[in-house]
Amino acid sequence: MLKSFQARLIMFVLVLLALVQLGTALAVLSSLKEDNYKQGVHSIDVSRNVFDLFLESRAEQLTKGVEILTSDFGFKQAVATRETGTIKSVLQNHGARINADISLIVSPRGELITATQDLNINTTIADLVFAARRSGGSSISTMIAFDNRAYQLVLVPIRVPNVVAWVGMAFLLDRALAEQIKNVTGLDISFVYESSDDHLIAGGSTLPEHEKDVLLKDIGSIESILTTPAFSNDEKYLSLGVDLGMPNQWGIIHLPYGPWLQSYNNTRNQLILIFTGALSLALLFGFALARNMTKPIGRLVDYAKEIGLGGKKDKVHAPDVGGEFGVLSHTMKTMQDSIISREEELTYRASHDQLTGLFNQSAVEHYLSDTLPKEQGGLVLVNIRHFKDINNMLGFDVGNALLSKVAERLQQWGHDANMLARLNADKFLLIFDRSITQQDCNDLKSCFADEFEVEKGSSIRLDISIAVLPFEHASASVNSAMRRLDIVTDEAREASDLYVFYKVGQDENHRRQLTIIRDLPAALKGGQLFVVYQPKVGLAGDDCHEAEALIRWIHPELGFLPPDEFISLLEHAGSIQQLTKWVLNTVLSQLSKWWEQGQEIRVAVNLSAHDLLDEQLPFIVSEALLANRLPTRALALEVTESAVMKDRAKVIRVLKALQEMGVHLAIDDFGTGQSSLAYLRELPVNEVKIDRAFIQYIDTNKGDEFITKATIELSHSLGFQVTAEGAENAEGTALLRHYHCDKIQGYFFSKPLVAEEFFQWREEFHSR
């Protein structure tokens, strides 16, 4: 809710007013509370003065009452003669008349002569009498404590004419006295004394009994309230202590704070009502203000949403608002114009090639998705041959200029095309509604017969290949159609006339190739591949101690796959090294079993160009031999001439490392590759294998016979062993014996056999 501007504005107004109201209320309440407290303190101070005046006035009255007694002649005579009985009787009668609680008479030295009660008089009265005698013998009024009870004591001298005794009257500070003072001050009065455990005990109090003990317990120590009044815990009373001039005896004035507190609470409640009302008005005011202020914002938001939905410039109108929002509206209108312009530019860039201005592949795919399937017309893909070499030789600037000129020439030739597009650096696509013929392809080639001028006085001729996919052979899927066009493009590059029309079934071979590449990992794990061994027969001893390992693959869907087919595919796909490692481990595992039986057979494994470019190959071979507990002489590796020519320097380094390990190395299919005799001399190999193309018809083709003879003699002169592949009859085998060929491999002796059959054939061959 608070995410909207309107809600935030309302909340801002409410919070602002609430803070102002709260500050005002706190100030008023604080001031009121402080004022109430000051008034209460003032009332207590006034009451304290009244309290003191009351006690002084009472002392004067009591003194006059006692002086009446001391002026009686009979009483004086009784005192002078020490008639104790008479004295005590008079004291009781006169004390009762003036409401004295204790009446006593003492000697001029302060010694007790008689009293109406048994008293434990200490030296306090003697000190008072002594002090009065020094001051001239006037009467005495003071506070005194008898048995932890406070009394107001009046002492008047008896003169006959000298002072013969002192008459004292003590008046208890009790609840009755407290009530009298309360009637004058209007405040509650308590007379208390402090016990030995520092606990206040009330001698007389006007407080209700159920509040008296709690209040005295809250006060605790009387010293804390002698100068400054303090509240009780429930703030019901404000109390101030009065020093009576006696140890452990005090008076306390209690101001009932309830009326003051009620006044404060009433004021607080009124402020709360005012506060609530003000907030309610502020809520209404804030809602109205926010609604009025956010209305133009809402219009601008709707305008922005329409812009975001891609509204056109003539359909989305900026709202007519004033002030700062008008500036924002104008800014958004400018933004809309910029967005429309940028969208048009982005749309153009998304569907056009920036160099030539033609449509791009994205536009082609969008067009075909709306067009396919279709029966009439077709796709014509023009590929500039060797364009990468032109770029490398002449530079990218010249290459870009050539592409622009090619685009112009294609626009002239394909003026009736529905679409002309550049797919990538050197591929252009034309889409026609009419059928494409061979004559169209010839005309297009003729169009490129003229040279392209790249610089003034400098021209270049471009060769192109043309791939045609009629719409009748294109499926409804754009991806499928483009895949079929790529298949035809690959074939057109190699075709003699450099143009090819798609024929039904061409993509089946492509799918087959993808299936072979895709299924290799599963085939290796699932036992679809296996190794067969073709014997190599030594002519000198007419024995067999070597064989060549060949791979066979029985695919569950495609059936038997010729090695030439899947090996070349795996080389192009970069998966051949995975297959090589599997063959190497499989062969070495079988060799380990034969060598444990005492049959020291050497098996040759073929390597591809990718294997020879891996400088880790010697390490891989060494680890595999060590894992199978085999010596290096148990393994032979065969490489082709074409594999050596991929990167001659690196391959020779790898072959030398293998030869230094003791691995037997052979050049396979010699005579069909690109190597010269000079390269053969440099290669670190032990054996040369003559290709079957020269051996198969050696007995009937004199040219093959002469080549074979020369190869054997040359290889022997360089120190190489020679193996002839493809010997299939006795006549050819006899010629190879005659020319001192070292080993023969072919169907004349045996076809490739699985491990068990090879071992059995070898046993039978040796036992002949």
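What covers the buried residues of α23? The cover includes the strands β23 (664-670), β24 (687-690) and β25 (721-725), along with the helices α22 (692-695) and α24 (730-738). Before we go on, bear in mind that this is a predicted model.

## A helix with a buried face

Let's stay with helix α23, which takes in residues 702-717. From its first C-alpha to its last, this 16-residue helix reaches 23 Å, close to the 22 Å expected at 1.5 Å a residue. Its buried residues are D704, E705, T708, T711, I712 and S715. If you look down the axis of α23, those buried residues fall within an arc of 130 degrees, so they line one face of the helix. Now turn to the other side of α23, and you'll find K702, F706 and S717 exposed.

At the start of α23, N701 has a side-chain oxygen that comes to within 2.9 Å of the backbone nitrogen of G703. Just after the helix, G719 takes a positive phi of about 90 degrees.

## A five-stranded sheet

Next, find the open sheet whose five strands come in the order β7-β6-β10-β9-β8, with antiparallel pairing. As a bit of background, strands of a sheet pair through backbone hydrogen bonds, and they can do so in a parallel or an antiparallel way.

Zoom in on β6 (residues 188-194), which runs antiparallel to β7 and is joined to it by five bridges.

## A strand tucked inside

Is strand β13 (residues 427-432) largely enclosed or left open? Six of its six residues are buried, so β13 is largely enclosed by the rest of the structure. K427, L429 and I431 point one way from the strand, while F428, L430 and F432 point the other way, and all are buried.

β13 has antiparallel pairings with two strands: six bridges join it to β11 (residues 378-384), and five to β12 (residues 419-424).

Most residues other than glycine have a negative phi, and most peptide bonds are trans. With that in mind, check the bond from L372 to P373: it's cis, with omega near -5 degrees. P373 sits in the loop between α9 (361-371) and β11.

H386 isn't a glycine, yet it has a positive phi of about 60 degrees, and its place is in the loop between β11 and α10 (387-394). H740 isn't a glycine either, and its phi is positive at about 65 degrees. You'll find H740 in the loop between α24 and β26 (743-745), where it is exposed, with a relative accessible area of 58%.

Methods. Residues numbered from 1 in each chain as written. Predicted model: local features only at pLDDT ≥ 70, side-chain atom pairs only at ≥ 80, totals over all residues. Heavy atoms only, no water. Pairing = 2+ DSSP bridges. Helix = DSSP H or I, 4+ residues; strand = E, 2+ residues; numbered from the N terminus. Expected span 1.5 Å × (residues − 1). Buried < 20%, exposed > 50% of the residue type's maximum accessible area, 1.4 Å probe, protein only. Arc of directions from axis to C-beta. Contact = heavy atoms within 4.5 Å. Polar contact = N/O pair within 3.5 Å; in protein donor to acceptor, adjacent residues only side chain to side chain.
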